[in-house]
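Please open the model in your viewer and keep the selection panel at hand. The stops below say what to select next and what is there.

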Amino acid sequence: MTMTGTHPTGASQTRRITVPDPAAAPRPKPRVTVGGVARVVGLALWLVITLFPLYWIALTSIKSPGTINRFPIEYWPSEPSLENYVGLFQHSSFGVFLGNSALVAVIGGAVATLIALLSAYVLARFEFRGKGAILIAFLLTQMIPAFIALGPLYSMMTELGLVDTKSGLILVYIAICIPFSTVMLRGFFANVPDALEEAAMIDGCSRLGALFRVLVPVMTPGIIAAFIFNFVNCWNELFLSVVLMNTDENRTVPSALNGFISTFNIDWGSMSAAAVLTILPTMVMFALASRWIVQGLTAGAVKE
């Protein structure tokens, strides 16, 4: 860097000042410690333990039915085959199951997120009697196993004529997802300044207009995170779908996976192929929306 200065006698002269480049400075070598090595080894071991079941499911799905139980064990098939995937759609209604699961998960997740958004807004912005009790009740519902309420739920659904219907299953999933989503989104609302909606209302917006025009765009990461969690819960739920769905035209993927287990046999090839196709949508969704999920989870973590 060059600087020009004036000499005390009045003569102008140039002084060259050299500023060291931080990037060119030698960096200290990282110290290798026993704790650091143990941490890396432990994380690598945990990664292997976590990913190996997924690898084994995918491996089994591309083995031909006659080689699945072959000994010695093959950790990579000598003759990969898509026979399990082809048979999955030829000999069963798996395409129908996938469509049912997608319909139930998308509608149930979207409606539960919308209702939770409104209820979380009320709990975050208004003070009223019983507010604390409602929040505690929402949290307590997450501790109650679903099978405890199965008897009354099944009786109620039978009286309403909603057993073995996709609409009935969607209503049940919405009711299950609302409490957790409400508590989750309330944290996001608490992190958004009140001044935003107050300014919008001064400019002529109604309270709902301020919510959907101002707050919802700000809370997009949190809303996406809530929807993805609701979608995954609806997509993966097994217990209620098995109990409430009786016919193949209304079954979802989790109950279809349960159907590959018979009294005397387990169709490992078809079950593994179905499991791979079941896992893929959630993996793709998390991969595409990972940035939004991280922003959503951290946005509601701390109130400034």
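Select Cys234 to begin: this residue is buried, with a relative accessible area of 4%, where buried means under 20% relative accessible area, exposed over 50% and partly exposed in between, computed with a 1.4 Å probe on protein chains only. The model is a predicted one, in which local features need pLDDT of at least 70 and side-chain atom pairs count only at pLDDT 80 or more, while totals for chains, interfaces and linings use all residues. Residues are numbered from 1 along each chain as its sequence is written, and side-chain values use heavy atoms, with hydrogens and water left out.

The structure as a whole holds 0 disulfides.

Next, select Asn233, which is placed in helix α9; helices here are DSSP runs of H or I with at least four residues, and strands are runs of E with at least two, numbered from the N terminus. Asn233 counts as partly exposed, at 42% relative accessibility. Tyr173 is 60 residues from Asn233 in sequence, yet their C-alpha atoms are 8.3 Å apart in space.

Now display the whole of α9 (residues 220–236) together with α12 (residues 268–288), whose axes lie 11 Å apart at an angle of about 175°. Axes are lines fitted to C-alpha atoms, for helices over the stretch in contact, with angles from 0 to 180 degrees between N-to-C directions. The two helices are therefore roughly antiparallel, the class for angles over 145 degrees, whereas under 35 is roughly parallel, 65 to 115 roughly perpendicular and the rest oblique. Where they meet, α9 brings Ile228, Phe231, Val232 and Trp235, and α12 brings Thr278, Pro281, Thr282, Met285 and Phe286.

Finally, select Met157, Leu169, Val172 and Leu240, which touch the most other members of the largest nonpolar core, a set of 24 residues. Such a core consists of buried Ala, Val, Leu, Ile, Met, Phe, Trp, Tyr and Cys residues joined through side-chain atoms within 4.5 Å. Its largest share, 7 residues, comes from α6. Centre the view on Val172: beyond its neighbours within four places in sequence, Val172 is in contact (heavy atoms within 4.5 Å) with Leu153, Met157, Leu240 and Leu244.

Methods
Disulfide = S-S within 2.5 Å.
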